[in-house]
Amino acid sequence: MDDALRYVIEDLSAPLLHGAAASLQLIVCSVPFGLMLGFAVAVGWVYGNRAVSALCKAYVLLVKGTPLLILLFVIYFCLPSLGLTLSPFAASVTGFIMCNGAYNSEYIRGAILSVRSGQLIAARSLGMGRFQAIVSIVLPQAARRALPGCSNEVIYLIKYSSLAYILSFIELTGAGKMAATRSFRFTLVFSVVGLVYLTMVTLASLFFMWLEKKLAIPGFETTRD
Amino acid sequence: MGDTILRVQGLSKRFDSEEVLRGVSFEVKKGDAKVFIGPSGTGKSTLLRCLNRLVEPDSGQVWLGDDEITHASDIDGVRRRMGMVFQNFYLFDHLTALGNVEIGLVKVLKMPRHDARGFAMSELARVGMDRFADKYPAELSGGQAQRVSIARSLAMNPEIMLFDEPTSALDPELTGEVLEVMKRLASGGMTMLVVSHEMEFVYSVASEVLFMEGGVIVERGTPGQIREDDASDTGAPKQFQRTRAFLRRLDG
Ligand SMILES: Nc1ncnc2c1ncn2[C@@H]1O[C@H](COP(=O)(O)OP(=O)(O)OP(=O)(O)O)[C@@H](O)[C@H]1O
Ligand SMILES: [Mg+2]
């Protein structure tokens, strides 16, 4: 036991910290853009003209219907033949944003549709333009209703960020794999790696619980007709 | 045409096979309070919504001041000049009472937020809702919510206010406070167009009552004329038969 503890502290902690930092980098770069993409696709689906709406639907269908790993392979291995070469990091982040954005858009779209129709009518009759009314009135309400779903997507993202290791970007899982291969302490190493993910997910969950509370509006969740 | 605020000429609208408005014409002068009454489904709401083009009319024309607005390209600019109050208030659910009044000032009139806040507060005070500035719509009674929605429209400084049955979603004991606000507006000279069946209120503020049925204005007159017609017993054919028949049904 002493030996295991010493191994974790002296040999494992440094590479895993590096790996965790790399994972965080992936996550932090993906989440805001995934969110923006989610809003854009949801708004395009609901309010766009026929072509835009169809494009958004096709996009969501495509991403939902493809394993993320395949999406990553396409981005990393096939795009270069079209003259677009991405680093493992950039390819991973692109794939994560595409995936995260598609799923976010589903929650956001549902939330937009749950906003009471009178809200847009009232906004327009005040003289707000359509875009302005959507941005100022519909989306702030939709965002609150979509938050639980979208925060779940962030939590999935924390976990599926490990797929970047398959594109040879060394993040937490990759760092663990390399350390384990060197020391042959697979059980120990992957237990620690699992614990680090668990910690990240727990922190994220706590953050989103706090955010939900902070954004809560008295009576808002129940005002539906 | 000087003091004419709104002129409506031959307004028509059909939904699918249903002809909801069949050539509605009238004129509203500055300071008028015109009240529309009539059975359910006659097109009163559709008429108001055609005026600010929340619903696009099929034919007919509307002038706001000197501007013909049925074909105006800047519809947002037109709507700014007409306040609209709905039966179900339609307060913005994610904003406080103050936020509801403020947002039009900031987003539409581009007023600096600080000025907008003070101005919105004074508009809330006008409808007696300044004490509830920080409350969200779900925390307000129907009457309070409707007063906030009136303040939200008034804050835009409209040339005319359109009220579509502003008290018919309210419990009877809450209608008074809303009607009181509207009476004060009318006596303050606000030009308004109201759909309402609160006859006591209608008789006290209306410069003209217009009875609609089947998508047209069937009879119209001042409250005085309608009452006189009711009281007179000369045997002469009555002028407001259908209005009075409707009002009797309303009472019964
Ligand atoms: N957007 C719409 N699409 C289709 N039909 C509509 C639409 N809006 C209104 N109608 C129809 O038009 C007719 C007139 O409706 P409107 O709401 O204008 O009547 P109203 O006089 O305001 O009635 P109420 O007193 O019940 O409010 C109704 O038969 C209604 O079903
Ligand atoms: Mg109506």
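Reply: **Where two helices of chain A meet**

From α1(A), the residues I27(A), S30(A), V31(A), L35(A), F39(A), V43(A) and Y47(A) touch α6(A). On the α6(A) side they meet R130(A), I134(A), V138(A), L139(A), A143(A), C150(A), V154(A), L157(A) and I158(A). Contact here means heavy atoms within 4.5 Å. By class, this contact has 14 nonpolar residues, one polar and one charged. Nonpolar covers Ala, Val, Leu, Ile, Met, Phe, Trp, Tyr, Cys and Pro; charged covers Asp, Glu, Lys and Arg; the others, Gly among them, are polar.

The model is predicted: local features need pLDDT of at least 70, side-chain atom pairs need 80 or more, and totals for chains, interfaces and linings use all residues. Residues count from 1 along each chain as written, chains are lettered from A and ligands numbered from 1 in written order, and side-chain values use heavy atoms, without hydrogens or water.

Now the geometry. Two packed helices are described by the angle and the distance between their axes. Helix α1(A) spans residues 2-47, and α6(A) spans 130-160. Their axes come within 9 Å and cross at roughly 135°. Axes are lines fitted to C-alpha atoms over the stretch in contact, with angles from 0 to 180 degrees between N-to-C directions. The pair is therefore oblique. That word covers what is left after roughly parallel (under 35 degrees), roughly antiparallel (over 145) and roughly perpendicular (65 to 115). The crossing of α1(A) past α6(A) is right-handed, meaning that the near helix is turned clockwise from the far one by less than a right angle.

Next, follow the chain past α6(A). S161(A) sits in the loop between α6(A) and α7(A), the latter being residues 172-183. S161(A) is buried, at 0% relative accessible area. Buried means under 20%, exposed over 50%, and partly exposed in between, with a 1.4 Å probe and protein chains only. Beyond four places in sequence, S161(A) contacts S23(A), L26(A), I27(A), F96(A), E171(A) and Y197(A). I27(A) also meets α6(A).

Last, the setting. Chain A has eight helices and zero strands. Helices are DSSP runs of H or I with at least four residues, strands are E runs of at least two, and both are numbered from the N terminus. The C-alpha atoms of chain A fill a box of roughly 70 × 50 × 25 Å along the principal axes. Of its 225 residues, 45% are buried. Among contacts in chain A with a separation of 6 or more, 77% join residues 24 or more positions apart.
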